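Morning, everyone. Please bring up the model and keep it on screen while I talk.

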Amino acid sequence: MAEVKRKSGKPLQVNPHKLSQPMGATMAFLGVDRCMPLMHGAQGCASFAKVMFTRHFCEPIALQTTAVNDVIAVLDGGDYSIVESIKNIHGKLTPELIGLHTTGLTETKGDDIRGIAGKIDVPLVYVNTPDFKGGLESGWTLTTQALIDQLTEPGDRIDAQKMVLVPHVSLLPIEVEKLRELIESFGFTVVAVPDLSSSLDNHLGEKQASLSSGGVTVAELRQLADAAFVVTVGGSVKPVGATLQAKNPAIRHRHFNHVSGLEGTDALVAWLLEVSGREAPPAAVERWRKRLQDAMLDSHFSIGQTRFLLAAEPDHLAAMAASLREVGGQITLAIATVDSPILAEIDADQVIVGDLEDAENMSESYDLIIGNYHTESLAHRVGKKAVMRGIPNYEEVGSALKNDVLYEGSAYFLFEIANAAERMREAQVHHAREQIKRQGSGVRRAPD
Amino acid sequence: MSSKPKIKELLVESACEHNKDKKKSCNAPTPGATTGGCALDGAQIALFPFADAAHLIHGPMSCIGGAWETRLTPTSWSGRDLTQTGFATDITNNDVVFGGERKLAAAIDHIVSNYAPEAVFVYSTCVPALTGDDIDAVCKHRTEKHGIPCVPVHAPGFVGAKNLGSRIAGEAVLQHLIGTKEPEHTTPFDINLIGEHNNTGELWRYRHLLEELGIRVLSTFSGDGRIAEIRTAHRARLNVIVCAKSLVSMTRKMQERYGIPWISCSFYGMTDTSAGLLAIAEALGNADLIERTRALIAREEARLKAQLIPYREVFAGKKAVLNTGGNKAWSIASALQDLGIEVVATSVRKSTEEDKAKARQYLGETAILMTNPATQQAKVIDETGAHLLLAGGRSLYTAIKKRIAFTDVNQEKKKSYGGYDGLLVLAEDLKNSLQNPVFELVDRKAPWQK
């Protein structure tokens with residue numbers, strides 16, 4: 001494993017791919033059915049997030065703001081703006097839950113949202129997510145913990161067939177659905193927390209959504225404590241296991257850093273066989289494993305000669321790196337948005353916490369880029385190609401339905417990357433030949 | 001002296017139509033019922049098009065994370081396009097506790113030595129505004145150290161909405177840049193384009209026409225703009241506000257300080273583009289120029305009308321409902337009318353009194369001005385028999401339910417519909433929408449539905 005450079009040493013971020021902690025909180029609340037995420041900050045805090053998610057998911061995004069202005073910033077401790085917001089939201093809508101999350105502004109002025117939440121008589125979950133700490137992953141995790149901590153009723157009874165699935169923030173809606181289906185195919189019932197698979201999965205809803213339209217229900221959140229297992233996927237959500245166990249110590253916790261590639265999926269399937277007591281998985285699972293094996297062999301030649309820059313959230317980096325490493329992909333540079341213990345486990349030449357300026361300065365070290373929308377222009381500048389993954393992705397439609405995980409998705413992922421690498425090399429070869437042609441004709445024309 | 005503008009003054013703009021009836025401020029946000037960006041957002045929109053200047057957000061990632069490299073404001077600047085380069089100090093806990101001034105100064109140094117900008121705009125945000133970082137002092141010191149203007153922009157989000165941020169940006173440029181440099185030469189036909197952001201290249205749809213007439217664009221605020229040019233803006237003969245009421249304060253102050261008169265125009269659609277060109281010529285007050293402008297307008301309109309002939313048949317008898325905000329309520333309507341589409345209703349929910357009056361004037365007495373389009377537009381479509389809905393993405397479902405064609409009016413964020421040639425692009429997009437079977441088909445009953 002590579003040495004991890006955890007501090008950039010720079011006084012600023014240039015071309016950042018890091019996203020803020022309140023944005024992660026918003027996303028988590030969008031995975032709760034009929035929820036109104038309420039960002040406690042200036043109107044722009046919510047607006048920036050809303051515009052980004054709307055463009056990324058190509059869907060209307062439910063998100064409101066307490067619209068803190070200069071007077072409120074000085075005089076109000078949060079009571080007025082939060083209570084007033086909830087009154088105004090309930091004037092038009094009947095959300096099942098208000099998802100109150102803070103920002104740098106309201107944390108700096110020191111609002112006591114816990115105290116205020118105690119005085120409010122509608123269903124509400126609050127979470128402190130200043131944007132001068134953490135990032136997208138921590139906002140998502142803190143919110144998931146808050147949902148469980150504040151809503152789930154303690155218990156001591158266990159339903160042996162019930163599992164709670166906690167995905168990390170970079171798992172896409174369709175990937176959460178595929179994970180759930182796999183676990184269910186072993187005879188379990190699964191509740192994903194949060195669950196973007198039915199809210200932001202690019203489905204045509206019944207009407208224009210003012211609240212989140214899909215996700216885990218508040219009733220389900222209240223009843224989580226009878227699960228036999230809590231399964232966390234991604235280093236960032238590992239602490240959620242203990243949060244749920246605090247509600248019922250009989251719940252068993254199983255953690256996976258990722259569920260990508262052959263080994264990653266094998267680990268999950270092996271565990272599912274063990275806990276379900278079954279001898280063999282469903283036939284479709286077996287079939288997809290064979291297809292992935294074939295995909296690995298078909299793609300290894302292309303991917304094995306490619307040097308990659310991966311730029312993503314830490315858990316997403318770990319997952320993609322694992323898939324690519326299995327077929328010889330050389331991860332010469334992995335750039336994480338924020339620091340995370342999982343970075344030490346990524347098999348790459350260099351792992352740094354940084355920005356896309358760092359990527360630009362190290363462009364000699366890689367051929368193909370995998371990262372968010374902003375890596376597209378990076379690719380143009382440094383003469384490489386980029387494959388879009390992560391948030392935001394403004395240029396492509398259908399990103400909620402990209403599946404890179406388990407046997408099936410890993411096969412798609414390898415094909416897409418191998419094809420992109422080949423096209424990139426073909427373009428380079430073409431370019432080189434054109435150069436030779438031009439030089440050749442120049443030489444021939446010279447004597448005239 | 002602090003460079004912080006007086007917010008009250010900016011909110012109560014004497015040259016603003018609606019302030020005649022003693023309204024206190026343009027908008028105080030309602031908690032839990034507010035949409036739209038903050039002052040910082042507005043300031044970014046106003047200034048980011050200066051591609052030869054660095055734009056440094058002194059704040060956490062929320063203030064830039066979703067916003068950089070999202071503005072399609074192209075530039076002809078041959079250096080690195082700094083509009084599309086994100087800079088943020090990424091304030092951490094440490095900076096909140098101990099102050100972020102040293103970090104900010106070091107960030108400016110990093111930018112100057114690595115990107116050689118013509119200026120650095122430093123945007124304050126809510127957190128450093130609360131913790132009290134002295135951005136003015138840092139900027140002043142760095143201006144002296146590096147010999148390029150470091151301009152503080154005091155637009156923390158909590159001071160207000162986008163509109164106010166745009167004014168604050170204007171104020172910063174007025175205070176720190178305009179009048180700090182003399183142009184190499186002047187002409188009697190020098191103008192500034194104020195509020196033209198060159199979104200999707202709209203400026204380039206008509207700038208060549210101005211040049212053909214001998215009208216020189218001395219500077220723009222800020223589309224395809226140059227810092228060196230905006231510094232000379234005080235020598236222009238005329239300020240032209242392009243579809244941006246929020247910058248009236250700026251032009252009024254330039255009139256007071258430098259005696260530059262101002263007019264307001266739109267370059268959206270054929271009628272408005274022609275009217276805009278003529279208004280500029282008339283304001284410059286040269287008989288020969290006016291004559292030549294009329295000739296150019298006649299030539300361009302004839303050319304465009306010929307090119308639009310194939311579309312006439314497609315649009316004949318077609319009715320449209322328009323649901324968009326602000327001046328677009330009438331400027332897009334005008335473009336649609338140029339294409340022979342009848343605009344039967346438009347939204348005036350977010351429009352100023354002046355915009356409402358204009359919408360009425362453009363659409364005629366029988367048209368419906370919707371004050372609450374979200375609830376009204378379905379009914380309006382039924383009543384008017386409209387064939388086309390132009391609106392933001394949220395209204396798509398209404399069109400599908402009513403089985404009429406839909407055009408996302410925010411497509412203009414990707415393609416330019418401005419000027420004469422933009423109308424052809426709009427015509428092509430609308431034709432494609434009207435002829436696309438998807439709106440009729442997508443909501444058909446599933447095989448298992450009765």
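Which strand of chain A pairs with E2(B), and in what sense? Strand E2 of chain A, residues 13–14, and the sense is antiparallel, over two bridges. Keep in mind that this is a predicted model. One bridge to look at: Gln13(A) has Ala88(B) as its partner in E2(B).

Now the wider interface. On chain B, 47 residues are in contact with 50 residues of chain A. Which elements of chain B supply at least two residues each to that side? Helix H2 (39–47), strand E2 (87–88), helix H3 (93–98), H4 and helix H5 (126–131). By class, the chain B side has 23 nonpolar, 19 polar and five charged residues.

Stay with H4 of chain B. Helix H4, residues 101–115, packs against helix H6, residues 135–146 of chain B. The angle is about 30 degrees, and the axes are 10 Å apart. The crossing of H4(B) and H6(B) is right-handed. From H4(B), the contact uses Glu101(B), Leu104(B), Ala105(B), Ile108(B) and Val112(B). From H6(B), it uses Ile135(B), Val138(B), Arg142(B) and His146(B). That contact divides into six nonpolar, one polar and two charged residues.

Last, the domains of chain B. The assignment gives domain 1 at 7–176, domain 2 at 190–299 and domain 3 at 310–441. How far apart are the C-alpha centres of domains 2 and 3 of chain B? They lie 27 Å apart. In contact there are 15 residues of domain 2 of chain B and 19 of domain 3 of chain B. The domain 2 side has five nonpolar, six polar and four charged residues.

Methods
Residues are numbered from 1 along each chain as its sequence is written. Chains are lettered from A and ligands numbered from 1 in the order in which they are written. This is a predicted model: local features need pLDDT of at least 70, side-chain atom pairs count only at pLDDT 80 or more; totals for chains, interfaces and linings use all residues. Domain bounds come from an automatic or database domain assignment. Two residues are in contact if their C-beta atoms, placed from the backbone, lie within 7 Å. Ala, Val, Leu, Ile, Met, Phe, Trp, Tyr, Cys and Pro count as nonpolar, Asp, Glu, Lys and Arg as charged, and the others, Gly among them, as polar. Axes are lines fitted to C-alpha atoms, for helices over the stretch in contact, and angles run from 0 to 180 degrees between N-to-C directions. Helices (H or I, at least four residues) and strands (E, at least two) are DSSP runs, numbered from the N terminus. A crossing is left-handed if the near helix is turned anticlockwise from the far one by less than a right angle, and right-handed if clockwise. Two strands pair if DSSP finds at least two bridges between them.
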